Amino acid sequence: MTKKTMLIADSGSTKTAWMWVEEGMSDRVCQTSGINPILQTKEEITAVVEEELLPAFRERGKDIASVDKVFFYGAGCLPSHCLVVEAILQWCFPEAMIQVHSDLLGAARALCIREEGIACILGTGSNSCLFDGEQIVKNVSPLGFILGDEGSGAVLGRSLVGDLLKGCLPSALKEEFLCTYHLTPEEIIAGVYRRPMPSRFLASFAPFLNTHRTHPGVHRLLVDNFRSFFQRNVAAYERHDLPVHFVGSIASVFSNELREAARQESFVLGHIERSPLRRMAEYHRVHSSAC
(Lines give C-alpha, C1' and ligand atoms only; values in the text may rest on other atoms or scores of the structure.)
Protein backbone atom coordinates (compact mmCIF):
# COMPACT_ATOMS: atom_id res chain seq x y z
CA MET A 1 0.00 0.00 0.00
CA THR A 2 1.37 3.43 -0.99
CA LYS A 3 2.23 5.66 1.94
CA LYS A 4 0.40 8.96 1.97
CA THR A 5 2.64 12.00 2.10
CA MET A 6 2.10 15.65 2.88
CA LEU A 7 4.37 18.24 1.28
CA ILE A 8 4.77 21.67 2.87
CA ALA A 9 6.58 24.58 1.27
CA ASP A 10 7.72 27.88 2.74
CA SER A 11 8.66 30.23 -0.07
CA GLY A 12 10.17 33.69 -0.07
CA SER A 13 11.43 35.79 -2.92
CA THR A 14 14.94 34.35 -2.56
CA LYS A 15 14.47 30.69 -1.66
CA THR A 16 11.85 27.98 -1.07
CA ALA A 17 12.22 25.29 1.59
CA TRP A 18 10.31 22.00 1.08
CA MET A 19 9.36 19.58 3.87
CA TRP A 20 8.25 15.99 3.29
CA VAL A 21 5.88 14.71 6.01
CA GLU A 22 5.15 10.98 6.01
CA GLU A 23 3.47 8.96 8.76
CA GLY A 24 4.36 11.47 11.44
CA MET A 25 7.98 11.82 10.31
CA SER A 26 9.25 15.12 8.94
CA ASP A 27 12.15 15.46 6.52
CA ARG A 28 13.28 18.83 5.23
CA VAL A 29 14.03 17.56 1.76
CA CYS A 30 15.53 20.40 -0.18
CA GLN A 31 15.80 24.07 -0.94
CA THR A 32 15.10 25.65 -4.32
CA SER A 33 15.04 29.16 -5.70
CA GLY A 34 12.27 31.40 -4.48
CA ILE A 35 8.82 31.32 -6.05
CA ASN A 36 6.93 34.60 -6.13
CA PRO A 37 4.08 34.89 -8.68
CA ILE A 38 4.12 38.68 -8.47
CA LEU A 39 7.79 38.90 -9.45
CA GLN A 40 8.07 35.86 -11.71
CA THR A 41 6.36 34.61 -14.85
CA LYS A 42 4.64 31.25 -15.14
CA GLU A 43 7.60 30.00 -17.18
CA GLU A 44 10.09 31.04 -14.49
CA ILE A 45 8.11 29.30 -11.75
CA THR A 46 7.73 26.18 -13.87
CA ALA A 47 11.50 26.14 -14.39
CA VAL A 48 12.10 26.12 -10.63
CA VAL A 49 9.77 23.12 -10.25
CA GLU A 50 11.08 21.19 -13.26
CA GLU A 51 14.79 21.95 -12.93
CA GLU A 52 15.24 22.13 -9.15
CA LEU A 53 12.39 20.54 -7.18
CA LEU A 54 11.65 17.34 -9.08
CA PRO A 55 15.31 16.38 -9.61
CA ALA A 56 15.97 16.94 -5.89
CA PHE A 57 13.12 14.59 -4.99
CA ARG A 58 14.34 11.92 -7.36
CA GLU A 59 17.91 12.17 -6.04
CA ARG A 60 16.61 11.54 -2.52
CA GLY A 61 14.45 8.61 -3.58
CA LYS A 62 11.15 10.34 -2.79
CA ASP A 63 8.03 8.83 -4.37
CA ILE A 64 6.26 11.78 -5.95
CA ALA A 65 3.17 9.64 -6.61
CA SER A 66 2.67 9.22 -2.86
CA VAL A 67 2.02 12.94 -2.29
CA ASP A 68 -1.66 13.43 -1.55
CA LYS A 69 -1.58 16.90 0.02
CA VAL A 70 0.49 19.97 -0.80
CA PHE A 71 0.41 23.10 1.33
CA PHE A 72 2.35 25.91 -0.34
CA TYR A 73 2.87 29.16 1.58
CA GLY A 74 4.60 31.85 -0.42
CA ALA A 75 5.53 35.49 -0.82
CA GLY A 76 3.35 37.13 -3.46
CA CYS A 77 0.66 34.44 -3.13
CA LEU A 78 -2.25 36.82 -2.95
CA PRO A 79 -5.69 35.50 -4.00
CA SER A 80 -5.28 37.01 -7.47
CA HIS A 81 -1.92 35.26 -8.00
CA CYS A 82 -2.41 31.89 -6.29
CA LEU A 83 -3.91 30.14 -9.31
CA VAL A 84 -0.67 30.22 -11.29
CA VAL A 85 1.27 28.45 -8.55
CA GLU A 86 -1.63 26.07 -7.89
CA ALA A 87 -1.81 25.02 -11.56
CA ILE A 88 1.92 24.32 -11.75
CA LEU A 89 1.88 22.25 -8.55
CA GLN A 90 -1.22 20.37 -9.72
CA TRP A 91 0.60 19.42 -12.91
CA CYS A 92 3.53 18.23 -10.79
CA PHE A 93 1.38 16.31 -8.28
CA PRO A 94 -1.75 15.38 -10.29
CA GLU A 95 -3.35 13.21 -7.59
CA ALA A 96 -2.76 15.61 -4.71
CA MET A 97 -4.99 18.15 -3.03
CA ILE A 98 -3.23 21.49 -3.55
CA GLN A 99 -3.59 24.55 -1.35
CA VAL A 100 -1.68 27.77 -1.99
CA HIS A 101 -1.68 30.50 0.64
CA SER A 102 0.29 33.60 1.50
CA ASP A 103 3.51 33.25 3.45
CA LEU A 104 1.89 35.50 6.04
CA LEU A 105 -0.89 33.00 6.78
CA GLY A 106 1.75 30.29 6.97
CA ALA A 107 3.73 32.35 9.47
CA ALA A 108 0.63 33.07 11.55
CA ARG A 109 -0.39 29.40 11.66
CA ALA A 110 3.14 28.31 12.51
CA LEU A 111 3.84 30.96 15.13
CA CYS A 112 0.46 31.29 16.80
CA ILE A 113 -1.02 27.82 16.10
CA ARG A 114 -4.55 28.45 17.48
CA GLU A 115 -3.75 31.41 19.73
CA GLU A 116 -4.30 35.12 19.18
CA GLY A 117 -1.12 37.00 18.38
CA ILE A 118 0.85 39.24 16.05
CA ALA A 119 2.85 37.30 13.45
CA CYS A 120 5.67 38.91 11.50
CA ILE A 121 8.07 37.97 8.72
CA LEU A 122 11.55 39.43 8.42
CA GLY A 123 13.39 37.95 5.47
CA THR A 124 14.22 39.44 2.08
CA GLY A 125 10.95 41.36 2.55
CA SER A 126 8.86 42.01 5.65
CA ASN A 127 5.21 41.66 6.62
CA SER A 128 2.98 41.43 9.67
CA CYS A 129 -0.56 40.64 10.70
CA LEU A 130 -3.00 40.38 13.58
CA PHE A 131 -4.14 36.75 13.89
CA ASP A 132 -7.20 35.77 15.93
CA GLY A 133 -6.31 32.09 16.20
CA GLU A 134 -8.23 31.16 13.06
CA GLN A 135 -7.54 33.79 10.44
CA ILE A 136 -5.77 37.04 9.68
CA VAL A 137 -8.02 39.89 10.82
CA LYS A 138 -5.75 42.84 10.03
CA ASN A 139 -2.71 43.39 7.86
CA VAL A 140 -0.67 46.54 7.37
CA SER A 141 0.46 46.44 3.76
CA PRO A 142 4.25 45.98 3.58
CA LEU A 143 4.40 48.03 0.31
CA GLY A 144 7.69 46.55 -0.90
CA PHE A 145 11.26 47.67 -0.33
CA ILE A 146 10.85 51.09 -1.98
CA LEU A 147 7.82 52.29 0.01
CA GLY A 148 7.98 49.98 3.01
CA ASP A 149 9.37 46.55 4.00
CA GLU A 150 10.92 48.08 7.10
CA GLY A 151 13.38 45.75 8.84
CA SER A 152 13.71 43.43 5.85
CA GLY A 153 16.95 42.22 4.33
CA ALA A 154 16.33 44.38 1.28
CA VAL A 155 15.81 47.55 3.32
CA LEU A 156 18.71 46.78 5.65
CA GLY A 157 20.88 46.35 2.54
CA ARG A 158 19.50 49.56 1.07
CA SER A 159 20.28 51.44 4.29
CA LEU A 160 23.78 49.97 4.43
CA VAL A 161 24.63 50.84 0.83
CA GLY A 162 23.13 54.31 1.17
CA ASP A 163 25.09 55.06 4.34
CA LEU A 164 28.32 53.73 2.87
CA LEU A 165 28.07 55.61 -0.43
CA LYS A 166 26.95 58.86 1.25
CA GLY A 167 29.83 58.74 3.74
CA CYS A 168 27.64 58.20 6.80
CA LEU A 169 29.79 55.22 7.78
CA PRO A 170 33.62 55.19 7.95
CA SER A 171 35.51 55.04 4.65
CA ALA A 172 37.40 51.96 5.85
CA LEU A 173 34.11 50.13 6.17
CA LYS A 174 33.12 51.25 2.69
CA GLU A 175 36.37 49.96 1.20
CA GLU A 176 36.00 46.64 3.00
CA PHE A 177 32.44 46.31 1.68
CA LEU A 178 33.44 47.03 -1.93
CA CYS A 179 36.35 44.59 -1.67
CA THR A 180 34.24 41.86 -0.05
CA TYR A 181 31.61 41.94 -2.81
CA HIS A 182 33.98 42.93 -5.66
CA LEU A 183 31.75 45.86 -6.53
CA THR A 184 32.20 49.47 -7.55
CA PRO A 185 29.71 52.22 -6.61
CA GLU A 186 28.61 52.27 -10.26
CA GLU A 187 27.91 48.52 -10.22
CA ILE A 188 25.86 48.90 -7.05
CA ILE A 189 23.71 51.58 -8.70
CA ALA A 190 23.26 49.32 -11.72
CA GLY A 191 22.30 46.38 -9.51
CA VAL A 192 19.58 48.41 -7.84
CA TYR A 193 18.17 50.37 -10.76
CA ARG A 194 18.87 48.40 -13.92
CA ARG A 195 18.87 44.71 -13.11
CA PRO A 196 16.07 42.31 -12.17
CA MET A 197 15.34 41.35 -8.54
CA PRO A 198 16.94 44.40 -6.84
CA SER A 199 15.47 43.31 -3.50
CA ARG A 200 17.47 40.07 -3.64
CA PHE A 201 20.58 42.04 -4.60
CA LEU A 202 20.23 44.36 -1.61
CA ALA A 203 19.33 41.54 0.80
CA SER A 204 22.52 39.71 -0.20
CA PHE A 205 24.48 42.23 1.88
CA ALA A 206 22.98 41.01 5.16
CA PRO A 207 26.07 38.85 5.93
CA PHE A 208 28.21 41.99 5.93
CA LEU A 209 25.87 43.56 8.48
CA ASN A 210 26.13 40.41 10.58
CA THR A 211 29.93 40.46 10.45
CA HIS A 212 30.02 44.10 11.56
CA ARG A 213 26.98 44.14 13.84
CA THR A 214 29.04 45.36 16.84
CA HIS A 215 30.25 48.44 14.95
CA PRO A 216 28.36 51.39 16.52
CA GLY A 217 27.11 52.69 13.18
CA VAL A 218 25.94 49.28 12.00
CA HIS A 219 24.35 48.50 15.35
CA ARG A 220 22.43 51.77 15.19
CA LEU A 221 21.36 51.04 11.60
CA LEU A 222 19.96 47.64 12.62
CA VAL A 223 18.11 48.80 15.72
CA ASP A 224 16.70 51.89 14.00
CA ASN A 225 15.38 49.79 11.11
CA PHE A 226 13.72 47.31 13.48
CA ARG A 227 12.24 50.15 15.53
CA SER A 228 10.81 51.51 12.28
CA PHE A 229 9.22 48.11 11.65
CA PHE A 230 7.46 48.23 15.02
CA GLN A 231 6.44 51.87 14.62
CA ARG A 232 5.10 51.64 11.07
CA ASN A 233 3.59 48.16 11.18
CA VAL A 234 3.07 46.48 14.55
CA ALA A 235 1.90 49.61 16.39
CA ALA A 236 -1.02 49.92 13.96
CA TYR A 237 -2.67 46.83 15.50
CA GLU A 238 -2.97 48.64 18.85
CA ARG A 239 -2.43 45.39 20.75
CA HIS A 240 0.47 45.84 23.13
CA ASP A 241 -1.10 43.05 25.20
CA LEU A 242 -0.25 40.41 22.59
CA PRO A 243 3.12 38.74 21.99
CA VAL A 244 4.83 39.64 18.72
CA HIS A 245 6.22 36.57 16.97
CA PHE A 246 8.79 36.54 14.17
CA VAL A 247 9.92 34.17 11.47
CA GLY A 248 12.63 34.59 8.86
CA SER A 249 16.38 34.66 8.40
CA ILE A 250 16.76 38.34 9.32
CA ALA A 251 14.71 37.95 12.52
CA SER A 252 16.76 34.92 13.51
CA VAL A 253 20.22 36.27 12.72
CA PHE A 254 19.59 39.69 14.28
CA SER A 255 17.41 38.52 17.18
CA ASN A 256 19.41 40.50 19.76
CA GLU A 257 18.97 43.77 17.88
CA LEU A 258 15.32 42.92 17.27
CA ARG A 259 14.77 42.37 21.00
CA GLU A 260 16.46 45.67 21.77
CA ALA A 261 14.17 47.47 19.33
CA ALA A 262 11.11 45.73 20.80
CA ARG A 263 12.05 46.86 24.31
CA GLN A 264 12.48 50.43 23.14
CA GLU A 265 9.05 50.32 21.50
CA SER A 266 7.41 48.56 24.50
CA PHE A 267 6.50 45.31 22.76
CA VAL A 268 6.92 41.80 24.15
CA LEU A 269 8.46 39.26 21.78
CA GLY A 270 7.23 35.69 21.52
CA HIS A 271 8.70 33.03 19.24
CA ILE A 272 11.56 33.82 16.86
CA GLU A 273 12.02 31.09 14.26
CA ARG A 274 14.39 31.05 11.31
CA SER A 275 12.04 28.75 9.38
CA PRO A 276 8.35 28.09 10.07
CA LEU A 277 8.43 24.62 8.48
CA ARG A 278 8.68 22.55 11.67
CA ARG A 279 5.75 24.34 13.31
CA MET A 280 3.79 24.33 10.01
CA ALA A 281 4.12 20.54 9.93
CA GLU A 282 2.86 20.35 13.50
CA TYR A 283 -0.08 22.62 12.65
CA HIS A 284 -1.13 20.47 9.70
CA ARG A 285 -0.74 17.22 11.61
CA VAL A 286 -3.19 18.49 14.23
CA HIS A 287 -5.43 20.43 11.86
CA SER A 288 -5.24 18.33 8.70
CA SER A 289 -8.54 19.74 7.42
CA ALA A 290 -7.36 23.36 7.67
CA CYS A 291 -7.78 25.38 4.50
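What follows is a dialogue on reading a few features of this predicted model.

Me: What is a disulfide, and how many does a search of the whole structure find?

Reply: A disulfide is a covalent bond between the sulfur atoms of two cysteines. Here the search of the whole structure finds zero. For cysteine 129, the nearest cysteine sulfur belongs to cysteine 112 and is 6.9 Å away. Because a disulfide needs the two sulfur atoms within 2.5 Å, cysteine 129 is in none.

Me: Is cysteine 129 buried or exposed? And cysteine 179?

Reply: Cysteine 129 has 0% relative accessibility, so it counts as buried. Cysteine 179 has 55% and counts as exposed.

Me: How should I read a salt bridge, and how many does the structure hold?

Reply: Side chains of opposite charge can pair when their charged atoms come close. This structure holds seven salt bridges. One of them joins glutamate 116 and arginine 239, at 3.0 Å from N to O. Glutamate 116 lies in the loop between H3 and strand E6 (117–122), and arginine 239 in the loop between helix H10 (216–232) and strand E9 (244–247), so the pair ties together parts that are 123 residues apart in sequence. Glutamate 116, at 36% relative accessibility, is partly exposed, and arginine 239, at 22%, is also partly exposed.

Me: Which residue forms a salt bridge with glutamate 150, and where does each partner lie?

Reply: The partner is arginine 232, with the closest N and O atoms 2.5 Å apart. Glutamate 150 is in the loop between helix H4 (144–147) and helix H5 (153–165), while arginine 232 is in helix H10, 82 residues apart. Glutamate 150 is buried at 9% relative accessibility; arginine 232 is partly exposed at 48%.

Me: How many residues of helix H3 are buried?

Reply: An α-helix has 3.6 residues a turn, so residues three or four places apart point the same way. In helix H3 (residues 103–112), 10 of the 10 residues are buried, including Asp103, Arg109 and Cys112. Isoleucine 113 follows H3 and has a positive phi, near 55°.

Me: Where is glutamine 40, and what does its side chain reach?

Reply: Glutamine 40 is in the loop between strand E3 (25–33) and helix H1 (42–59). Its relative accessible area is 11%, so glutamine 40 is buried. The side chain of glutamine 40 reaches the backbone oxygen of glycine 34 at 3.2 Å, and one of its polar atoms lies 2.5 Å from the backbone nitrogen of asparagine 36. Beyond four places in sequence, glutamine 40 touches residues including Met197 and Arg200.

Key: Residues numbered from 1 in each chain as written. Predicted model: local features only at pLDDT ≥ 70, side-chain atom pairs only at ≥ 80, totals over all residues. Heavy atoms only, no water. Buried < 20%, exposed > 50% of the residue type's maximum accessible area, 1.4 Å probe, protein only. Helix = DSSP H or I, 4+ residues; strand = E, 2+ residues; numbered from the N terminus. Polar contact = N/O pair within 3.5 Å; in protein donor to acceptor, adjacent residues only side chain to side chain. Contact = heavy atoms within 4.5 Å. Salt bridge = Lys/Arg side-chain N within 4 Å of Asp/Glu carboxyl O.
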